[in-house]
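Dear colleague,

I am passing on the structure we talked about, and below it you will find my notes on what came out of it. Please read them with the structure open beside you.

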Amino acid sequence: MLEAIEVETGAAPRAAVIWLHGLGADGHDFEPIVPELRLPHEMAVRFVFPHAPLRPVTLNAGMRMRAWYDIVQLGGGPEDAAGIRASEALTRQLIANQNLPAERIVLAGFSQGGAIALQTALRYPERLAGVLALSTYLPLAATLEKERAGANRDVPIFMAHGLYDDIIPLRRAEESRTLLSAAGCDVEWHSYPMPHSVCGDEIADISRFLVRTLESSL
């Protein structure tokens, strides 16, 4: 089981957001975003920020760091299918541990974490509330059509990217958006004048997406 930080916006949460961090960070990375989202007081939400496992990362000369899967090179290259699927399994466990209906759970992630959020949500057998895919791309795209779950074929996906991202190029994210849309996914696309990061306008848009998707399931 993954260790995780939990932040609740009210007593007895009726919904949850599982938020996966990027390469080399940890669960604390997005913990400060909770108050910035300014969710309605009456919307009690549990935010879960897990720490990725420690593993060697080829891109960083084999250094062990928190990572959801191995990366060989920036901007593409061979994918670590085994690592991606292992983190998908860990994320499924996190969903089950919430003791909430899946339709009240949003999967969120930044960069590597966003890739795992997409990987898991599109293959999860029960309907989820939505997906936040931030500064990321669609992993294992070639297997999606064969493996995707009917319950989440049109799950709402908030996909956002920086116009000046030099870690995951905008082009790669746009290609993923095109693939998802062609597959019938409900993609809400945003781009912002920023690098590989998160900005204030994006946080405001995320808040609106969360309120809209969670209100419909509560």
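This is a predicted model: local features need pLDDT of at least 70, side-chain atom pairs count only at pLDDT 80 or more; totals for chains, interfaces and linings use all residues.

Strand S8, which spans residues 105–110, is largely enclosed by the rest of the structure, because six of its six residues are buried. Both of its faces are covered, with Ile105, Leu107 and Gly109 buried on one side and Val106, Ala108 and Phe110 buried on the other; in a regular strand the side chains alternate between the two faces of the sheet.

S8 pairs with strand S2 (residues 15–20) in the parallel sense over five bridges, and in that pairing Leu20 stands opposite Gly109. S8 also pairs with strand S9 (residues 130–134), again in the parallel sense and over five bridges, where Ala108 has Leu132 as its bridge partner. Between S8 and S9 the chain passes through helix H3 (residues 112–121), and this β-α-β crossover is right-handed.

Ile167 sits in the loop between strand S10 (156–162) and helix H5 (170–182), and Ile167 is partly exposed, at a relative accessible area of 31%. Leaving aside residues up to four places away in sequence, Ile167 touches Leu74, Gly75 and His196, while Thr136, 31 residues away in sequence, lies 9.5 Å from Ile167, C-alpha to C-alpha.

As for the cysteines, the structure holds zero disulfides. Cys185 counts as buried at 8% relative accessibility, and Cys199 is likewise buried, with a relative accessible area of 19%, since the cut-off for buried is under 20%.

Best regards

Key:
Residues are numbered from 1 along each chain as its sequence is written. Side-chain values use heavy atoms; hydrogens and water are left out. Helices (H or I, at least four residues) and strands (E, at least two) are DSSP runs, numbered from the N terminus. Buried means under 20% relative accessible area, exposed over 50%, partly exposed in between (1.4 Å probe, protein chains only). Contact means heavy atoms within 4.5 Å. A disulfide is a pair of cysteine sulfur atoms within 2.5 Å. Two strands pair if DSSP finds at least two bridges between them. A crossover is right-handed if, with the strands pointing away from the viewer, the path from the first strand over the helix to the second runs clockwise.
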